[in-house]
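Here is my notebook page for this one.

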Amino acid sequence: MAVIDFELGKKAIVQIYYAETLEIVGTGFWVGGRYLMTCAHVVAAALGLPTCQQEEDVKGHSIQLAFAEAKQPKPRTAKVLSYSYHEKEGGQDAAVLQLSDDIDFECEPI
């Protein structure tokens with residue numbers, strides 16, 4: 001298993017914002033390429049939706065986020081590629097996001 005330097009690794013943490021604000025709703029993690037992972041409940045809250053949405057109702061929506069730990073405070077946009085929230089079906093709570101642009105700083109995916 002590869003070991004990631006903590007200071008470099010924490011740059012992969014993103015702050016996710018509520019729609020139309022710079023107020024943090026939750027976090028996510030860059031996993032490589034243009035892809036991020038977060039919780040579905042964070043995406044729903046960011047979009048101002050109840051968590052019990054169907055994937056097709058959330059997929060394609062855009063959210064704002066920033067790589068604050070990487071000292072990249074400028075908000076970036078990512079769209080929802082996958083959304084799964086099922087409280088009673090094994091506790092599924094995951095979402096995959098795709099950045100609109102490549103990252104342009106040194107970072108290790110988590």
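**Surface patch.** Which residues form a nonpolar patch on the surface? I found F29, V31, Y35, M37 and I110, with about 410 Å² of accessible area together. Strand 2 and strand 3 are the elements that give two or more residues to this patch. For the patch search I took residues with over 30% relative accessible area and no salt bridge, joining nonpolar side chains (Val, Leu, Ile, Met, Phe, Trp, Tyr) within 5 Å. Areas come from the Shrake-Rupley method with a 1.4 Å probe, and for residues only the protein chains shown count as cover.

**Ground rules.** I am working on a predicted model, where local features need pLDDT of at least 70, side-chain atom pairs count only at pLDDT 80 or more, and totals for chains, interfaces and linings use all residues. Residues are numbered from 1 along each chain as its sequence is written, and side-chain values use heavy atoms, with hydrogens and water left out.

**Y35.** Strands here are DSSP runs (E, at least two residues), numbered from the N terminus. Y35 is partly exposed at 37% relative accessible area. My classes are buried for under 20%, exposed for over 50% and partly exposed in between (1.4 Å probe, protein chains only).

**Salt bridges.** How many salt bridges does the rule give? I count four, taking a side-chain nitrogen of Lys or Arg within 4 Å of a carboxyl oxygen of Asp or Glu.

- E7 and K10 meet at 3.2 Å, N to O. Both partners are partly exposed: E7 has 46% relative accessibility, and K10 has 22%.
- D102 bridges to R34, with the closest N and O atoms 2.8 Å apart. D102 lies in the segment after strand 6 (92-99) and R34 in the loop between strand 2 (24-32) and strand 3 (35-38), so this bridge ties together parts 68 residues apart in sequence. R34 is partly exposed at 30%.
- D104 and R76 meet at 3.0 Å, N to O. D104 is in the segment after strand 6 and R76 in strand 5 (residues 72-86), so here the parts tied together are 28 residues apart in sequence. I noted that D104 is exposed at 59%, whereas R76 is buried at 15%.

I also noted that salt bridges with shared partners join E7, K10 and E69 into one network.

**S82.** Next I checked S82, which is found in strand 5 and is partly exposed at 25% relative accessibility. What does S82 touch, not counting residues up to four places away in sequence? My list is E55, A94, A95 and V96, with contact meaning heavy atoms within 4.5 Å. With E55, the side chain of S82 makes a polar contact of 3.4 Å. That term covers N or O atoms within 3.5 Å; within protein, one must be able to donate a hydrogen and the other to accept it, and residues adjacent in sequence count only if both atoms are side-chain atoms. I also looked up S82 against A46: their C-alpha atoms are separated by 15 Å, and the residues are 36 apart along the chain.

**Rings.** My search of the whole structure for aromatic pairs finds one. F67 and F105 form this pair, edge-to-face at 5.1 Å centre to centre, with 65° between the planes. The pair links distant parts of the chain, 38 residues apart: F67 is in strand 4 (residues 62-67) and F105 in the segment after strand 6. Rings of Phe, Tyr and Trp (its six-membered ring) pair if their centres lie within 6.5 Å; planes under 30 degrees apart count as stacked, over 60 as edge-to-face and the rest as tilted. Are F67 and F105 buried or exposed? I have both down as buried.

Conventions:
Helices (H or I, at least four residues) and strands (E, at least two) are DSSP runs, numbered from the N terminus. Patches are made of residues with over 30% relative accessible area and no salt bridge: like charges are joined within 9 Å, nonpolar side chains (Val, Leu, Ile, Met, Phe, Trp, Tyr) within 5 Å.
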